[in-house]
Amino acid sequence: MREVAFIKQNKEKWLEFEQAIFGKAKKNPDELASLYIHLINDLSFAQTYYPKSKTVVYLNHLASITYQKIYKTKREETNRIVRFFKTEVPLIVYQNRRYMLYAFALFFVFTFIGVISAGKDETFTRLIVGDAYVNMTLENIEKGNPVAVYKSGSNWGSAIGITLNNLRVGATSFVLGVFGGVGTVYILFKNSVMLGSFQYFFYEHGVLWKSVRGIWIHGCMEIFAIVVEAGAGLMFGAALLFPKTFSRVASLKNGFKNGLKVWFSTIPFTIAAGILEGFVTRYSPDMPLWLNLLIILGTLAAISYYYLVYPFIVNHKIKKYVPTV
């Protein structure tokens, strides 16, 4: 089908969408959801056959607004906080999944750089984390507990201090996205290289497994959250660089709002990681292996499900509103 014929065939339907989402025609949430299904089908068709057309830009913009309208008006939960975590954040993550993918790809690349650098230069880890920390860790390795650092300080003092620091790192990573994402990438680079080099340090001294049993009790949620926060920063930066059909200011405001919501959603995981680090990690050498693995795999599964699987499930629910023909 030629593009002109496609537009002519669907023009009236698209105008109906516009009237619904801009308040010129009253539609209940179920009707909006049904309209949205038809809209994304048209968008998919246009992306396939007219990929560089202004029609794609128009439909993508319309779909985005309709998408938000559905979940702003649909009365699924009366509790705003429940709705925020159950529906709003997963939908934002789904819509911006490419930036989450970029963040995870960069994380693995940067971590690998840290591993390789530490392997090539034995002084690299000292350069990254400092002589004092390396010397302390070497002493702990000699004493048979490479993660003894987590036993220092009180439980509550450690948990609160660590949590506040991680929240600061995540907030900084997100806010620096305002520089087109460059600042976010820098924060992710610094933390990823540090992780890779320090894990290699433990490997080099033959205590990698012992370090994994300790560090990753809290590290699964802590590191995962940092990567998600980097994804939020990239969303913010992309809004500045690629405003699409919006003005640059409007796009930046929208990118900030959505990125802020994603960052805020990581706070419970960051707090949980801090509690685990302050109260549980210190006992990792003494706990049964099965319990150790249960905590590590359980925390990894929980945060992975929420950010990598659940957004697709929430998005898929829209399809149940397709009218039966």
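Valine 262 touches Ile92, Val93, Met100, Val228, Ala232, Met235 and Tyr307, when residues up to four places away in sequence are not counted. The model described here is a predicted one.

The largest nonpolar core holds 58 residues, and Leu188, Trp216, Val262 and Tyr307 are the members that touch the most others. Helix α10, residues 208–241, supplies the largest share of this core, with 16 residues. Apart from this core there is a second, separate one of 12 residues, which includes Trp14, Ala46, Leu62 and Ala63.

### The chain as a whole

The secondary structure of the protein chain comes to 13 helices and 0 strands. Read from the N terminus, the elements run α-α-α-α-α-α-α-α-α-α-α-α-α. The chain has 325 residues, of which 46% are buried. Its accessible surface comes to about 17,300 Å², and carbon and sulfur atoms account for 64% of that area. Among contacts between residues at least 6 apart in sequence, 77% join residues at least 24 apart.

Threonine 55 lies in helix α3, which spans residues 54–73. Is this residue buried or exposed? Threonine 55 counts as buried because its relative accessibility is 7%, and buried means under 20% relative accessible area. Its side chain makes a polar contact with the side chain of glutamate 3, at 2.6 Å. With neighbours within four places in sequence left aside, threonine 55 is in contact with Glu3, Phe6, Ile7, Trp14 and Ala46.

### How helices α8 and α9 pack

Helix α8 (residues 155–175) and helix α9 (residues 182–204) pack at an angle of about 145°, and their axes are 7 Å apart. Which residues meet where these helices pack? From α8 come Val169, Thr172, Ser173 and Phe174, and from α9 come Thr184, Ile187 and Asn191. By class, this contact has 3 nonpolar residues, 4 polar residues and no charged residues.

Alanine 118 is found in helix α5, residues 97–120. This alanine counts as buried because its relative accessibility is 3%. Leaving out neighbours within four places in sequence, alanine 118 is in contact with Phe124, Thr125, Ser197 and Tyr200.

Isoleucine 113 is found in helix α5 as well.

### Serine 44 and alanine 301

Serine 44 belongs to helix α2, which covers residues 29–49. With a relative accessible area of 40%, serine 44 is partly exposed. Alanine 301 is found in helix α13, residues 289–316. Alanine 301 also counts as partly exposed, at 46% relative accessibility.

### Separation in sequence and in space

The table sets out residue pairs by their separation along the chain and by their C-alpha to C-alpha distance.

| Residue pair | Separation in sequence | C-alpha to C-alpha distance |
|---|---|---|
| Alanine 301 and cysteine 220 | 81 residues | 9.1 Å |
| Alanine 118 and glutamine 199 | 81 residues | 9.3 Å |
| Isoleucine 113 and serine 192 | 79 residues | 8.5 Å |
| Serine 44 and asparagine 60 | 16 residues | 9.5 Å |

Technical notes:
Residues are numbered from 1 along each chain as its sequence is written. This is a predicted model: local features need pLDDT of at least 70, side-chain atom pairs count only at pLDDT 80 or more; totals for chains, interfaces and linings use all residues. Side-chain values use heavy atoms; hydrogens and water are left out. Helices (H or I, at least four residues) and strands (E, at least two) are DSSP runs, numbered from the N terminus. Buried means under 20% relative accessible area, exposed over 50%, partly exposed in between (1.4 Å probe, protein chains only). Axes are lines fitted to C-alpha atoms, for helices over the stretch in contact, and angles run from 0 to 180 degrees between N-to-C directions. Contact means heavy atoms within 4.5 Å. Ala, Val, Leu, Ile, Met, Phe, Trp, Tyr, Cys and Pro count as nonpolar, Asp, Glu, Lys and Arg as charged, and the others, Gly among them, as polar. A polar contact is a pair of N or O atoms within 3.5 Å; within protein, one must be able to donate a hydrogen and the other to accept it, and residues adjacent in sequence count only if both atoms are side-chain atoms. Accessible areas come from the Shrake-Rupley method with a 1.4 Å probe; for residues, only the protein chains shown count as cover. A nonpolar core is a set of buried Ala, Val, Leu, Ile, Met, Phe, Trp, Tyr and Cys residues joined through side-chain atoms within 4.5 Å.
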